Amino acid sequence: MKTIPITAVLAHGVIGVDMNAGHLAAWRLDVHGNPTGTPRRFFYSLTGSTQHRDAQVRHALTGLLHWARSCGVKAIAVEDLDFGADKTREKHGRRKRFRQLISGMPTGRLRARLTSMAHQTGIAVIAVDPAYTSEWGAQHWQKPLTSKTRKTTRHDAAAVAIGRRAQGHPIRRRTTPPRAHQSDAHGHRTVQADRRALGREETRPRIPGPRTRSVPPGCGANAGNQTAQHRSGRSAEHEFWQQDSLPLSL
């Protein structure tokens, strides 16, 4: 079997697919993770005989693959779902309707059938982590993609989240704008420096030359050493500083 690099597979974008009990919600994403066009739905019925259910699933997957080929996309992203251990009563108690719902979702059959059919058409199937795709997709994508002429559902937004996760992009649309001040009124930061970013907590290196017109070259050599600076009558020698305890009551 010929192995294709993931970069070559995602060179033309990806189609994110959210598997549900009665339909497949799909949306095409470009190489930057932006949804393009309109979402598509491929319905199937899980009632009737086994042959009828299998034919319904095959018909929905055929429509999905035909749409992917017409768009020129070489990759389809799906969730790596497995409800095999989550259908028991010990797991969900008396939630009978929910247990019936997840029992009726042929996630394993859909993924196996899609992988087999996609291999014949030259389309790769990427399975991603299903954690929080529905929740984060609805939080960050459902409202921005809803307009007067298009009503975006949670399943459509989840398809966008699945596709972005397959491309290696974060599910969030954008990071939080910069703070107006450094107090805690804005809450905690949402983006932190990567652990591999060396020197993220160190002082900035000294650049030779003046920083302003009033500072001669060579000044500020001890800018990183706070104890070596003499300001407000503070001695430049090593000194011990201790904060006095405040009284609990007056």
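These are my notebook entries on a predicted model of one protein chain.

**Entry 1. Overall layout**

I began with the secondary structure and found seven helices and five strands in the chain. Read along the sequence, the elements follow the pattern α-β-β-β-α-β-α-α-α-β-α-α. I then looked up burial for the chain: of its 250 residues, 28% are buried. For contacts I took pairs at least 6 apart in sequence, and 59% of these join residues at least 24 apart.

**Entry 2. The sheet**

In what order do the strands of the open sheet lie? I read the order as β3-β2-β1-β4-β5, five strands with mixed pairing. The edges are β3 (35–43) and β5, each of which pairs on one side only. From one strand to the next the twist averages 25°.

I noted for reference that strands of a sheet pair through backbone hydrogen bonds, either parallel or antiparallel. Strand β1, residues 14–19, shows both kinds here: β1 and β2 run antiparallel and are joined by six bridges, while β1 and β4 run parallel with two bridges between them. The link from β1 to β2 is a hairpin through three residues. Val17 stands opposite Ala26 in β2, and Gly16 stands opposite Ala77 in β4.

**Entry 3. Burial of β1**

How many of the residues of β1 are buried? I found six of six, so the strand is largely enclosed by the rest of the structure. In a regular strand the side chains alternate between the two faces of the sheet. I checked the directions in β1: Val14, Gly16 and Asp18 point one way, Ile15, Val17 and Met19 point the other way, and all are buried.

**Entry 4. Helices across the sheet**

Helix α2, residues 50–71, lies across β1, β2, β3 and β4 (75–79) and runs at about 10° to β2. Helix α7, residues 154–167, lies across β1, β2, β3, β4 and β5, at about 50° to β2.

**Entry 5. Nonpolar cores**

In soluble globular proteins, nonpolar side chains tend to be buried together. I looked up the largest nonpolar core and found 23 residues in it. Ile15, Val17, Leu24, Leu64 and Ile76 have the most contacts inside this core. The elements giving two or more residues to it are β1, β2, α2, β4 and α5 (107–121). The most come from α2, which gives eight residues.

Setting aside residues up to four places away in sequence, Leu64 touches Ile15, Val17, Leu24, Ala26, Phe42, Ile76 and Leu114. There is also a second, separate core of 18 residues, which includes Trp27, Leu145, Ala161 and Ile171.

**Entry 6. The α6–α7 contact**

Two packed helices are described by the angle between their axes and the distance between the axes. For α6 and α7 I recorded an angle of about 105° and axes 7 Å apart. Angles of 65 to 115 degrees count as roughly perpendicular, so α6 is roughly perpendicular to α7.

I listed the residues that meet. On α6 they are Thr133, Ser134, Glu135, Trp136, Gly137, Ala138, Trp141 and Gln142. On α7 they are Arg154, Ala157, Ala158, Val160, Ala161, Ile162, Arg164 and Arg165. By type, the residues of this contact divide into eight nonpolar, four polar and four charged.

**Entry 7. Two single residues**

Is His23 buried or exposed? The relative accessible area of His23 is 10%, and buried means under 20%, so His23 is buried. His23 is found in strand β2, residues 23–29. Leaving aside neighbours within four places in sequence, the contacts of His23 are Asp18, Arg41, Phe42, Phe43, Tyr44 and His155. Of these, I had already met Asp18 among the buried residues of β1.

Phi of Tyr132 is near 65°, a positive value in a residue other than glycine.

Methods: Residues numbered from 1 in each chain as written. Predicted model: local features only at pLDDT ≥ 70, side-chain atom pairs only at ≥ 80, totals over all residues. Heavy atoms only, no water. Helix = DSSP H or I, 4+ residues; strand = E, 2+ residues; numbered from the N terminus. Buried < 20%, exposed > 50% of the residue type's maximum accessible area, 1.4 Å probe, protein only. Contact = heavy atoms within 4.5 Å. Pairing = 2+ DSSP bridges. Axes fitted to C-alpha atoms, helices over the stretch in contact; angles between N-to-C directions. Core = buried A, V, L, I, M, F, W, Y, C linked by side-chain atoms within 4.5 Å. Parallel < 35°, antiparallel > 145°, perpendicular 65-115°, else oblique. Nonpolar A, V, L, I, M, F, W, Y, C, P; charged D, E, K, R; others polar.
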